[in-house]
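Here is a short briefing to read alongside the sequence and the model. Take a moment to find your way around the fold, and then we can go through it together.

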Amino acid sequence: MSGARSAHGAGAVLTIDLSAIVANWRLLKARVGRADCAAVLKADAYGLGASRVGPALAAAGCRHFFVAHLDEAIALRPHLPPRAAVTVLHGVPPGAEADCAARGLVPVLNSRPQLHAWRAEAARLGRRLPAIVQVDTGMSRLGLSPLEVEALAADPHAFDGIDLVLVMSHL
C-alpha cells in the first residue's frame, strides 16, 4: 500500500441538502414574525459552501448575511442579490475601508479605531456608510467596552457619517 488514502477512506459522506437548509431558515423566519432572520455563513457556510448556500437562502427571501472576515464577504458578495446585506462580524482590517465601502459591505465596528477609520472613509467619500456597533457585554471577545460606549454616547459627533443599522452583542 502506498500510504495514500482514497477519497472514500474516511468512511463518511456528507450530503448537502440545500432544500433542508432553506426549510430550516423558513422555519426560523416564521417563528420570529416580522423581525428579520439572518444567515451566518462564516467559514464557507461552516464547510457547506457559502457560494451555494447563500444564493439558495437569498432565493427563499433571506436578505441579511453575516461572515466573520472581509475576504469571506468579498467572496460571497457576487453570489447574492445586490440588495442583500453582507455584514463582516470582525469589522474591517486597517487600510481596507475603501474596499469594504466600494463593495457595499457592512462592517461590525468592534473598536474605537475601527469606528474612527469607518467615519474617516465616510468623510472621504462624502456619504454616509452603514455599520453595526458591537458592545462587549461580558465575553471580553469583541466589542466596545461599557466605558467606550459611555464616551461615544457623550460625543455628539461619534457617529458622523455613519448610518447605524444595529447595535449588537455576543451573549
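Which residues are exposed on the other side of α1? They are Ser19, Ala30 and Arg31, where exposed means over 50% relative accessible area, buried means under 20% and partly exposed lies in between (1.4 Å probe, protein chains only).

A word on the ground rules: this is a predicted model, in which local features need pLDDT of at least 70 and side-chain atom pairs count only at pLDDT 80 or more, while totals for chains, interfaces and linings use all residues. Residues are numbered from 1 along each chain as its sequence is written, and side-chain values use heavy atoms, with hydrogens and water left out.

**The chain as a whole**

- The chain has seven helices and six strands; helices (H or I, at least four residues) and strands (E, at least two) are DSSP runs, numbered from the N terminus.
- Reading from the N terminus, the elements follow the order α-β-α-α-β-α-β-α-β-α-β-α-β.
- The C-alpha trace spans about 65 × 45 × 35 Å along its principal axes.
- Of the 171 residues, 36% count as buried.
- Among contacts (heavy atoms within 4.5 Å) with a separation of 6 or more, 56% are between residues 24 or more positions apart.

**The sheet**

- Six strands make an open sheet in the order β1-β2-β3-β4-β5-β6, with parallel pairing; two strands pair if DSSP finds at least two bridges between them.
- The edges are held by β1 (39-40) and β6, each with a single partner strand, so one side of each has no neighbour in the sheet.
- Two bridges connect β1 with β2 (residues 64-67) in parallel, and here alanine 39 stands opposite phenylalanine 65.
- Phenylalanine 65 also stands opposite valine 86 in β3; β2 and β3 (residues 85-88) pair in the parallel sense over four bridges.

**Helix α1**

- Helix α1 covers residues 18-31, and its 14 residues reach 20 Å from first C-alpha to last, close to the 20 Å expected at 1.5 Å a residue; the expected span is 1.5 Å times one less than the number of residues.
- Ile21, Val22 and Trp25 are the buried residues of α1.
- Seen down the axis, the buried residues of α1 fall within an arc of 95°, so they line one face of the helix; the arc is that of the directions from the helix axis to the C-beta atoms.
- An α-helix has 3.6 residues a turn, so residues three or four places apart point the same way.
- The cover over the buried residues of α1 includes α3 (50-59).
- Glycine 33 follows α1 and has a positive phi, near 65°.

**Helix α6**

- Why does the end-to-end distance of α6 agree with its length? At 1.5 Å a residue, the 14 residues of α6 (residues 112-125) should span 20 Å, and its end C-alpha atoms are 20 Å apart.
- Gln114, Leu115, Trp118, Glu121 and Ala122 are buried in α6.
- These residues cover an arc of only 125° around the axis, which puts them on the same side of α6.
- Pro113, Ala123 and Arg124 are exposed on the face of α6 turned away from its buried side.
- The buried residues of α6 are covered by elements including α5 (97-102), β4 (106-109), β5 (129-134), α7 (146-154) and β6 (162-168).
- Helix α6 lies across β4, β5 and β6, at about 170° to β5; axes are lines fitted to C-alpha atoms, for helices over the stretch in contact, and angles run from 0 to 180 degrees between N-to-C directions.
- Serine 111 caps the N-terminal end of α6, with a side-chain oxygen 3.2 Å from the backbone nitrogen of glutamine 114.
- Just after α6, glycine 126 takes a positive phi of about 70°.

**Asparagine 110**

- Where is asparagine 110 found? It sits in the loop between β4 and α6.
- Asparagine 110 is buried, with a relative accessible area of 7%.
- The side chain of asparagine 110 reaches the backbone oxygen of valine 108 at 3.1 Å, and one of its polar atoms lies 3.0 Å from the backbone oxygen of leucine 89.
- Leaving aside residues up to four places away in sequence, asparagine 110 touches Leu89, His90, Gly91, Gln134, Leu142, Gly143 and Leu144.

Terms used:
A polar contact is a pair of N or O atoms within 3.5 Å; within protein, one must be able to donate a hydrogen and the other to accept it, and residues adjacent in sequence count only if both atoms are side-chain atoms.
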